[in-house]
Amino acid sequence: MKNNLFAFFALILMTSFSFAQQKGQVEAGLNIGLNFSNITDNDYYSSVPTNTRLAFNIGGSAEYYFSDRWGIKAKLIYDRKGWADDLFYYEDPYEEFITDYALDYITIPVMADFHFGRARNWYVNFGPYIGFLTSATVVDPDVDIKELINKEDFGLAFGGGYKFLINEHVKMFFEIDHQAGLDNIFEDGRGTSITNGRTSVNTGLLFLLY
């Protein structure tokens, strides 16, 4: 399934490059946002419920418009995910804690972007994403658990927002962005379907390149 996902990404990128040989606008952006992340299933531990972890993301984007309504947008995001208030234990000697799990990724969504409204200031987008794990720890006690976590995360990204002109070449935007993971985050496949999920509230600037 991962091979199919990589092929799909390659197809989307080649398609966007072919559009870029035609006349159209290209917009680049920078953003920062607040992440609300959790997992979709916590049955692999006793009956300890997990809570949402608050973190942040920061990233950049580029969008090619091939009409006044449609564009292809790619993002590169430093994305802090994870979950809060879950069980962690040492095996020898046995000791357990309730702690937070912090998973950091470099995430790359590639999405179709639909613009609407009288001035095309509103937009919604959707498409696949892939994430590359950069670190994985439990917060307290501070323990590296990167070897337990899959090195890639993939799933679906979707969201929407509003942008407005600051001047002829610069816009500001506010958006809500969601990622729904499709792959088990643990290397050993524990549990039924332990996947990442995160919603973020973002703001940033867009720059018209040409």
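A residue is called buried when its relative accessible area is under 20%, exposed when that area is over 50%, and partly exposed in between, with a 1.4 Å probe and protein chains only. By this definition, buried residues account for 44% of the 210 residues in the chain. The structure is a predicted model, in which local features need pLDDT of at least 70 and side-chain atom pairs count only at pLDDT 80 or more, whereas totals for chains, interfaces and linings use all residues. Residues are numbered from 1 along each chain as its sequence is written, and side-chain values use heavy atoms, with hydrogens and water left out.

The account begins with the elements of the chain. Helices (H or I, at least four residues) and strands (E, at least two) are DSSP runs, numbered from the N terminus. The chain has one helix and nine strands, and their order along the sequence is α-β-β-β-β-β-β-β-β-β.

The interior can be considered next. In soluble globular proteins, nonpolar side chains tend to be buried together. A nonpolar core is a set of buried Ala, Val, Leu, Ile, Met, Phe, Trp, Tyr and Cys residues joined through side-chain atoms within 4.5 Å. The largest such core here has 15 residues, of which Trp 83, Leu 103, Ile 145, Ile 149 and Ile 185 touch the most other members. Two or more residues of this core come from each of the strands β3 (70–91), β4 (94–116) and β5 (122–138).

Charged side chains form a further set of contacts. Side chains of opposite charge can pair when their charged atoms come close. A salt bridge is defined as a side-chain nitrogen of Lys or Arg within 4 Å of a carboxyl oxygen of Asp or Glu. The structure holds 11 salt bridges. One of them joins the side chains of Glu 63 and Lys 73, at 4.0 Å from N to O. Glu 63 belongs to strand β2 (residues 53–65) and Lys 73 to strand β3, so the pair ties together parts that are 10 residues apart in sequence. Glu 63 counts as buried because its relative accessibility is 4%, and Lys 73 counts as buried because its value is 6%.

A salt bridge also joins Asp 104 and Arg 80, at 3.1 Å from N to O. This pair links distant parts of the chain, since Asp 104 is in strand β4 and Arg 80 in strand β3, 24 residues apart. Asp 104 is buried, with a relative accessible area of 3%, while Arg 80 is partly exposed at 22%.

Glu 187 and Lys 151 form another salt bridge, their closest N and O atoms being 3.4 Å apart.

Thr 195 is buried, with a relative accessible area of 5%. Although Thr 195 and Asp 153 are 42 residues apart in sequence, their C-alpha atoms are 8.6 Å apart in space.

Patches are made of residues with over 30% relative accessible area and no salt bridge, with nonpolar side chains (Val, Leu, Ile, Met, Phe, Trp, Tyr) joined within 5 Å and like charges within 9 Å. Accessible areas come from the Shrake-Rupley method with a 1.4 Å probe, and for residues only the protein chains shown count as cover. Phe 66, Trp 70, Phe 126, Leu 156, Phe 158 and Leu 182 make a nonpolar surface patch of about 560 Å². Within this group, Leu 156 lies in strand β7 (residues 152–167) and is partly exposed, with a relative accessible area of 45%.

The peptide bond from Asp 140 to Pro 141 is cis, with omega near 5°, and Pro 141 is found in the loop between β5 and β6. Asp 85, in strand β3, has a positive phi of about 60° although it is not a glycine. Arg 120, in the loop between β4 and β5, likewise has a positive phi, near 55°, in a residue other than glycine.
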